[in-house]
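Work through the exercises below with the sequence and the structure open side by side. Each task is followed by its solution in steps.

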Amino acid sequence: MGDAYADAGMDAVQRRLMFEDECILVDENDRVVGHDTKYNCHLMEKIESLNLLHRAFSVFLFNSKYELLLQQRSATKVTFPLMWTNTCCSHPLYRESELIDENALGVRNAAQRKLLDELGIPSEDVPVDQFNPLGRMLYKAPSDGKWGEHELDYLLFIVRDVNVHPNPDEVADIKYVSRDQLKELLRKADAGEEGLKLTPWFRLVVDNFLFRWWDHVEKGTILEAADMKTIHKLT
């Protein structure tokens, strides 16, 4: 635990998660090759020297008005604090229930767990079988000089009206946005207005997939958008 205490500025909750959570290490074809702490998986030094790549997921939750739920990451998050992002972004852990590859069940189990942890959304509001895996992307993004991400990210879409009670250790703010409201958010981020910043993975999804997939959400044809065979390598 010596490394943990070296990070004196790290929030106690985030420190605990960094060392207790074991992420799933994969190769670029999404084959499981091992596991390591969340701490090591997010150190740019380890990412660069060992090419550590871990499995992740990004949830995009829409309500019945087809508005997308966004969150602003808490100020105490180790990576990308106070940035706006999609509904929930996290990692399946190296445990039996979250290692199930068939139909991305392990990742969907993890998504249900983290929606409760981060946003207080009860499990019954987001049944595992209602998550639609639409694609996978591989990306690398530094957060600051020390921390960053190198993830093989499952993109999960779900349409549900839910009860939300954000956990302040994880989430600073939330909002539902329409397409036009999201476009205005993007404009402000690009212009540097209001200090507004977006996480790099959210921006990659926006730029490559989101609005096209949003069409399918509104038409009720979301499964037509799914392509789980391709791993999109994005920068």
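**Salt bridges between parts of the chain**

The side chains of Glu 218 and Arg 179 form a salt bridge, with 3.5 Å from N to O. The model is a predicted one.

**Exercise 1.** State which helices hold Glu 218 and Arg 179, and classify the exposure of Glu 218.

Step 1. Glu 218 belongs to helix α7 (residues 200-219), and Arg 179 belongs to helix α6 (residues 179-191), so the pair ties together parts 39 residues apart in sequence.
Step 2. Glu 218 has 38% relative accessibility and therefore counts as partly exposed.

**Exercise 2.** Find the elements joined by the salt bridge of Asp 190 and Arg 203, then classify both residues.

Step 1. The N to O distance between the two side chains is 2.8 Å.
Step 2. Asp 190 is in helix α6 and Arg 203 in helix α7, 13 residues apart.
Step 3. The cut-off for exposed is over 50%; Asp 190, at 55%, is exposed.
Step 4. Arg 203 is partly exposed, at 22%.

**Exercise 3.** How many salt bridges are counted, and which residues are linked in a network?

Step 1. The count is 19 salt bridges.
Step 2. Asp 30, Arg 55, Asp 101 and Arg 136 are linked in a salt-bridge network.

Technical notes: Residues are numbered from 1 along each chain as its sequence is written. This is a predicted model: local features need pLDDT of at least 70, side-chain atom pairs count only at pLDDT 80 or more; totals for chains, interfaces and linings use all residues. Side-chain values use heavy atoms; hydrogens and water are left out. A salt bridge is a side-chain nitrogen of Lys or Arg within 4 Å of a carboxyl oxygen of Asp or Glu. Helices (H or I, at least four residues) and strands (E, at least two) are DSSP runs, numbered from the N terminus. Buried means under 20% relative accessible area, exposed over 50%, partly exposed in between (1.4 Å probe, protein chains only).
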